[in-house]
Amino acid sequence: MTHPIQTYSLSGGIELSFTDSGPPLDSSDYTTIVLLHGGVFNAYGFHKVHGYAHSLNLRTVLLHRRDYAGSTPYSRSETQELQQGNVIFWERLSAQLGEFLQMFVQREGIPKLVVRQKPAQLNGLRNMGSGGVAILGWSGGCLPIVSFLGAIRNRMISEELYNFLEDYIGDCIFYDPSYHCFGYPLPPENQNYIPWEDTRISSEEFLHAFSQWVSSYYDHPCYDPVSRSLLTTASINDFDGQRQKSDEISVSSWTDEEIARGTEERPSKNEIST
C-alpha cells in the first residue's frame, strides 16, 4: 500500500511533509507514533513500518525534518544559528514540532492519552492501546526531541500549547541516539571510526561512506546476550567500532531508486558541518 506524502503549512510560511499510515480500523484507543529521522537518511527509509502499524494498534507518522524532502529548507540565517549553537534555533525548531503535533491531533482526531497502569513491554509488544502520541527519534533525530521535551521553558511555545500537548504526549523513544543529542564530547582516547572526521573522504564521497557506516551491523565484544545490553564495565574502545563498515550493510539491499529517495546530501552537510 502506498502512503502519499502530505504537507502541513505552519505559521511563518514553514512547511513540514510526512507520510501517515492512517488509523487502525475500528480502534478508538490506538497510539500514534511520530518518527523523526536522523541525518543523511530522510523519513523514507522507515516507510515499511507503516505496514506493521495497524496489527499493533498503532498509527505511524514519518515526519521529514526541516531541510529534508518536502519540508522547508533552513534559511541562511538559520544555518548560521545552527553552526553557532544559538539556542534560538532549537527553540524555533521545537515550537514548530509542537505546532505540527497540535495540528495533526486536531485535524485527525487523535485519541487522548490514557495513562497505562504498567509500561508497555518492548519484547512481545501486542497492543499499545491507551491513545496519545509517542515521539520516536532515530540517531540525530533524537536531538530535536531532547530540545522539545527537555527545555524547562520555551519562550516560543505558549502556555496554551503546552497544556494541550500534555493531554496527548505520552512516550518518548530514543532509537540509537548520537552522543551529540546529550551534549557529550567524545573522549580524547576514542579510537572508533567517525566518517565526518575522516579527512581522507572527499565531500563527494561522504554520502556513500556515511550510508555504509551508519547502516552496518557490528558485533560488540562487550555485549551481554543475557541482559541484552552492553556490560557496565565497557569503555568506548571496547566496541566493534574501528571498521568503516561491516560485511552486512542495510543499504546494500536498497535499489538505486530507494537510495535516491531515502538519502539527501545537502541537508546532511548543513548538520554535519556543525
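A residue is taken as buried when its relative accessible area is under 20%. Asp-240, with a relative accessible area of 15%, is therefore buried. Its partner in a salt bridge is Arg-243, and the two side chains meet at 2.5 Å, N to O. Arg-243 itself has a relative accessible area of 30%, so it is classed as partly exposed.

Averaged over the chain, pLDDT is 90, and 94% of the residues score at least 70. Where pLDDT is low, the predicted coordinates should not be read in detail.

Turning to charged pairs, side chains of opposite charge can pair when their charged atoms come close. The count of salt bridges in the model comes to 11. One of them joins Arg-266 and Asp-67, with a distance of 3.0 Å from N to O. This pair links distant parts of the chain, with Arg-266 in helix α8 (residues 265-272) and Asp-67 in the loop between β4 and α2, 199 residues apart. The two partners can also be described by their accessibility: Arg-266 is partly exposed at a relative accessible area of 43%, whereas Asp-67 is buried at 1%.

The backbone of Asp-67 also deserves a look. Most residues other than glycine have a negative phi. Asp-67 has a phi near 85°, a positive value in a residue that is not glycine. The loop that holds Asp-67 runs between β4 (58-63) and α2 (76-84). A positive phi, of about 55°, is found in Arg-228 as well, again in a residue that is not a glycine. Arg-228 sits in the loop between β7 (223-224) and β8 (229-230). With a relative accessible area of 58%, Arg-228 is exposed, while Asp-67 is buried at 1%.

A further salt bridge is formed by Arg-92 and Glu-78, whose closest N and O atoms are 3.6 Å apart. Arg-92 belongs to helix α3 and Glu-78 to helix α2, so this pair ties together parts that lie 14 residues apart in sequence. Glu-78 counts as buried, at 8% relative accessibility. Both residues take part in a network of salt bridges that links Arg-66, Glu-78, Glu-81 and Arg-92.

Helix α3 (residues 87-108) also holds Leu-97. This leucine is buried, with a relative accessible area of 6%. Leaving aside neighbours within four places in sequence, Leu-97 is in contact with Leu-36, Leu-63 and Phe-148. The C-alpha atom of Leu-97 is separated by 8.8 Å from that of Ile-145, a residue 48 places away along the chain.

Finally, the surface carries a nonpolar patch formed by Phe-174, Phe-182 and Tyr-184, with about 320 Å² of accessible area together. Tyr-184 is located in the loop between β6 (169-175) and α6 (203-214). At 55% relative accessibility, Tyr-184 counts as exposed.

Terms used: Residues numbered from 1 in each chain as written. Predicted model: local features only at pLDDT ≥ 70, side-chain atom pairs only at ≥ 80, totals over all residues. Heavy atoms only, no water. Helix = DSSP H or I, 4+ residues; strand = E, 2+ residues; numbered from the N terminus. Buried < 20%, exposed > 50% of the residue type's maximum accessible area, 1.4 Å probe, protein only. Contact = heavy atoms within 4.5 Å. Patch = residues over 30% accessible without salt bridge, like charges linked within 9 Å, V, L, I, M, F, W, Y side chains within 5 Å. Areas by Shrake-Rupley, 256 points an atom, 1.4 Å probe, with all protein chains shown as cover. Salt bridge = Lys/Arg side-chain N within 4 Å of Asp/Glu carboxyl O. pLDDT = per-residue confidence, 0-100.
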